[in-house]
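This report describes one protein chain, beginning with a single side chain and ending with the chain as a whole.

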Amino acid sequence: MRIVWDIHYKCNYRCPYCWFENDLNARRFKPRPVSVREWVERWDYIYDKYGPAHIEITGGEPFIYDNFINLIGEISRRHTIRITTNLSFDIKRFISEINPGVVKIISSFHPSFAEEDVFLKKAAVLKEKGYADTVIYVAYPPQLRLVDYYKNKFEGKGIVFSVTPFCGIFNGLNYPGAYTDDEKKMLAIYIGEDKNRLKYTLNSESPKGKLCGAGQRSALLFEDGKLARCGPLKAKPFANLFDRDFEFLDGPKPCEADFCPCDDMKALEEA
């Protein structure tokens, strides 16, 4: 079971290519605070009913969530976790308290906000300690010209440099469809052998109508406990984790999305 957890939408950065930067509904959304104890109880419920899950924590910046290190320390007793973070936090306490065997980091580099050398040093330490070996970089059109520079910078420290396509509007054009053929060829090299990501994200092929296990063996969890099948269907939650007898869907359903960004396509039955 793979669950993407948008733990909250607060962030100390304001990247123009962020999924939520222009999403007014996400910015207005103020759910009641959920305690560590309440979250742990519900994650224990999932473990008891479905077994261990793999949790991908993202959102805004996870490490500014209240009591975040305590929370992942508790949850990772039964589940594995991977956190996408801009590395703006102090990594010393994290390293001292969290087991790298069950918690991993994906470092997200945003050059408009992060100091390059500070970020690189933190990424190198996390790699050395066994938490992370990959940095992701968004192929936002104004940042494309720096891809090769940063690739050489990070790979010179033994860190995998991963480029992800920009999904959104820039200068009135809708990306990733607006990338030129040459830009798509360059990005395809970074995406590599992930044929589904080439097909459904970079080349914007629609998965609509195909059988998909989203909602059954993967899901998107929001900060108030609601769950949607996937990111493109975030406006259509199917359940709430805090419902006493919560259940995932009982089988694959036809995809309802026109576009399948990021890793949502992993749940497709026929790719």
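A polar contact is a pair of N or O atoms within 3.5 Å; within protein, one of the two must be able to donate a hydrogen and the other to accept it. In this predicted model, a polar atom of the Glu-38 side chain lies 3.0 Å from the backbone nitrogen of Ser-35. Glu-38 belongs to helix 2, residues 36–50. Apart from its neighbours within four places in sequence, Glu-38 is in contact with Arg-32, Pro-33 and Phe-242.

**Helix 2**

How far apart are the end C-alpha atoms of helix 2? They are 21 Å apart, which agrees with the 21 Å that 15 residues should span at 1.5 Å a residue. The buried residues of this helix are Trp-39, Val-40, Arg-42, Trp-43, Tyr-45 and Ile-46. In an α-helix, residues three or four places apart point the same way, because there are 3.6 residues a turn. The cover over the buried residues of helix 2 includes strand 1 (2–8), strand 2, helix 3 and strand 10 (218–221). After helix 2 comes Gly-51, with a positive phi near 95°.

Strand 3 comprises residues 80–85. Its covered face carries Ile-81, Ile-83 and Thr-85, while Thr-80, Arg-82 and Thr-84 form the uncovered face. The table lists the pairings of this strand.

| Partner of strand 3 | Direction | Bridges |
|---|---|---|
| Strand 2 (residues 54–59) | parallel | 4 bridges |
| Strand 4 (residues 103–108) | parallel | 5 bridges |

Arg-82 in strand 3 stands opposite Glu-56, and Thr-85 has Ser-107 in strand 4 as its bridge partner.

Strand 2, helix 3 (residues 68–75) and strand 3 make a right-handed β-α-β unit. Another right-handed β-α-β unit is made by strand 3, helix 4 (residues 91–97) and strand 4.

**The whole chain**

The protein chain contains 8 helices and 13 strands. Its radius of gyration is 18 Å, close to the 18 Å that the globule rule gives for 271 residues, so the chain is as compact as a globular protein of that length. Along its principal axes, the C-alpha trace spans about 50 × 45 × 35 Å. Buried residues account for 48% of the 271 residues. Of the contacts between residues at least 6 apart in sequence, 71% join residues at least 24 apart.

How values were computed: Residues numbered from 1 in each chain as written. Predicted model: local features only at pLDDT ≥ 70, side-chain atom pairs only at ≥ 80, totals over all residues. Heavy atoms only, no water. Helix = DSSP H or I, 4+ residues; strand = E, 2+ residues; numbered from the N terminus. Contact = heavy atoms within 4.5 Å. Buried < 20%, exposed > 50% of the residue type's maximum accessible area, 1.4 Å probe, protein only. Pairing = 2+ DSSP bridges. Right-handed = clockwise from strand over helix to strand, strands pointing away. Expected span 1.5 Å × (residues − 1). Rg over C-alpha atoms; globule rule 2.2 N^0.38 Å.
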